[in-house]
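Dear colleague,

I am passing on the structure below for your own work. Please look through it alongside the notes that come after it.

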Amino acid sequence: MKIALIGYGKMGKEIEKVALSRGHEIVCIIDVNNQEDFESEAFRSADVAIEFTNPMVAYNNYIKTFKAGVKLVSGSTGWMAEHGEEIRELCTKGGKTLFWSSNFSLGVAIFSAVNKYLAKIMNQFPAYDVTMSETHHVHKLDAPSGTAITLAEGILENMERKSSWVKEEAHADSELPIHSIREGEIFGIHSIRYDSDADSITITHDAKNRGGFALGAVLAAEYTATHEGYLGMSDLFPFLR
């Protein structure tokens, strides 16, 4: 498979290693200094582009990739509130293809499925209140993390007494608070805690390195090469449905 990389930071370099180890070819690498390469023959020759950048540039990267007629896998977060509906519609009605996830780790996919199942159980026990905390490296620009928001949405779907998530402290019983910490070079820790007067239950995912995220992104690219539309981790891993 021919892969283009958009963003060549630590994640981009890790994805390059994994893609090459699985027999794929990197035909184009686009970073801040060569944006004109979105219009290059090399970029247009890619079967799939993989994009890991930041909230400020992700949307424009999507539009440029779609214009070039290239399918896209992206792990960038922080753009959905403003552009989510437009991008989704371009994929569902406009013939474009985006595989998007807030987190490509297989471990996080499993954790997400456990999170939804646990929320469904805890829906029956109102004595337990639920909170979430997430910790990432100091370079991460968005808070809460996209993964935390996805996990929160999984809880809201399965717990009738919670109707929305909020940053930091909850002001109403129906709110799910997410506490965000930015320190050091932490790859990502997400903890969900159910607390009652009698006891507490906590589930945690702790990423040890970028390898799991990179492998998931390449697996998503392999899937996207033969599929179309607005895709996500539940397409790649049906146990998430």
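This is a predicted model: local features need pLDDT of at least 70, side-chain atom pairs count only at pLDDT 80 or more; totals for chains, interfaces and linings use all residues.

Residues are numbered from 1 along each chain as its sequence is written, and side-chain values use heavy atoms, with hydrogens and water left out.

An open sheet of six strands runs in the order β2-β1-β3-β4-β5-β11 with parallel pairing (strands are DSSP runs of E, at least two residues, and helices are runs of H or I, at least four, numbered from the N terminus; two strands pair if DSSP finds at least two bridges between them). Because β2 (25-30) and β11 (230-231) each have a single partner strand, they stand at the edges, and one side of each is left without a neighbour in the sheet. Strand β1 (residues 2-6) is joined to β2 by five bridges, and Ile 3 has Ile 26 as its bridge partner in β2.

Asn 115 lies in helix α5 (residues 106-122) and counts as buried because its relative accessibility is 0% (buried means under 20% relative accessible area, with a 1.4 Å probe and protein chains only). Leaving aside residues up to four places away in sequence, Asn 115 touches Leu 151, Gly 154, Ile 155, Ile 192 and Ile 203 (contact means heavy atoms within 4.5 Å).

Cys 28, at 7% relative accessibility, counts as buried, and Cys 91 is buried with a relative accessible area of 6%. A search of the whole structure finds zero disulfides (pairs of cysteine sulfur atoms within 2.5 Å).

Note on methods: Buried means under 20% relative accessible area, exposed over 50%, partly exposed in between (1.4 Å probe, protein chains only).
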